[in-house]
Amino acid sequence: KPEQLRQLISTNVHRRRAELGITQVALAEACDCTQAHISKLEKGLTGCSDEMLAILSEALHCHPAALMMEPARVTKSKISA
């Protein structure tokens, strides 16, 4: 569903930005948009065009698909010898 994809992108943009330790202002400057736009995007209040997805992925040093994917789930499993 489109709203699920929008929420997934917003979560992944926020996480990746936090991993890189950059502010919304710095990301906005790298993407040639406003901090308010990044804020709305991270809150899932606005969608993301293909062009903006490409710009964000470049600024966040990741593949565009990484911004649209569910985060890997780490499961604890017992290893028996």
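**Entry 1: terms and overall make-up**

I count as helices the DSSP runs of H or I with at least four residues, and as strands the runs of E with at least two, numbered from the N terminus. I note that this is a predicted model, in which local features need pLDDT of at least 70, side-chain atom pairs count only at pLDDT 80 or more, and totals for chains, interfaces and linings use all residues. Residues are numbered from 1 along each chain as its sequence is written, and side-chain values use heavy atoms, with hydrogens and water left out.

I looked up the elements and found 4 helices and 0 strands in the protein. Read from the N terminus, their order is α-α-α-α.

I then looked up burial. A residue is buried under 20% relative accessible area, exposed over 50%, and partly exposed in between (1.4 Å probe, protein chains only). Of the 81 residues in the protein, 27% are buried. The protein exposes about 5800 Å² (Shrake-Rupley method, 1.4 Å probe). Carbon and sulfur atoms supply 55% of that area.

For contacts I use heavy atoms within 4.5 Å. I took the contacts between residues at least 6 apart in sequence, and 60% of them join residues at least 24 apart.

**Entry 2: helix H2**

Which residues of H2 are buried? I find Gln24, Leu27, Ala28 and Cys31 in this helix, which covers residues 24-31. Seen down the axis of H2, these buried residues fall within an arc of 100° (taken from the directions from the helix axis to the C-beta atoms), so they line one face of the helix. On the face turned away from the buried side I find the exposed residues Glu29 and Ala30.

I also checked what the buried residues of H2 pack against: helix H1 (2-20), helix H3 (35-42) and helix H4 (50-59).

**Entry 3: H2 against H3**

I looked up the axes of H2 and H3, which come within 8 Å and cross at roughly 110°. Axes here are lines fitted to C-alpha atoms, for helices over the stretch in contact, and angles run from 0 to 180 degrees between N-to-C directions. H2 and H3 are therefore roughly perpendicular to each other (65 to 115 degrees; under 35 is roughly parallel, over 145 roughly antiparallel, the rest oblique). On the H2 side of the contact I list Gln24, Val25, Leu27 and Ala28, and on the H3 side Gln35, Ile38, Ser39 and Glu42.

**Entry 4: two positive phi values**

Asp32 follows H2 and is found in the loop between H2 and H3. Its phi is positive, about 55°, although Asp32 is not a glycine. Asp32 is exposed, with a relative accessible area of 72%.

His61 is found in the segment after H4. For His61, too, I read a positive phi, near 55°, in a residue other than glycine. At 62% relative accessibility, His61 counts as exposed.

**Entry 5: salt bridges**

How many salt bridges are there? I count 2, taking a salt bridge as a side-chain nitrogen of Lys or Arg within 4 Å of a carboxyl oxygen of Asp or Glu.

One joins the side chains of Arg16 and Glu19, at 3.0 Å from N to O. Both residues lie in helix H1, 3 residues apart, which is about one turn of the helix. Arg16 is partly exposed at 22% relative accessibility, while Glu19 is exposed at 59%.

Arg17 and Glu42 also form a salt bridge, with their closest N and O atoms 2.6 Å apart. Arg17 lies in helix H1 and Glu42 in helix H3, so this pair ties together parts that are 25 residues apart in sequence. Arg17 and Glu42 are both buried.

I found Ser57 in helix H4. Ser57 is buried, with a relative accessible area of 5%. Not counting residues up to four places away in sequence, Ser57 touches Cys62, His63, Pro64 and Leu67.

Met69 lies in the segment after H4 and is partly exposed, at 49% relative accessible area. What does Met69 contact, leaving aside its neighbours within four places in sequence? I find Leu8 and Asn12. Met69 and Asn12 are 57 residues apart in sequence, and their C-alpha atoms are 8.1 Å apart in space.
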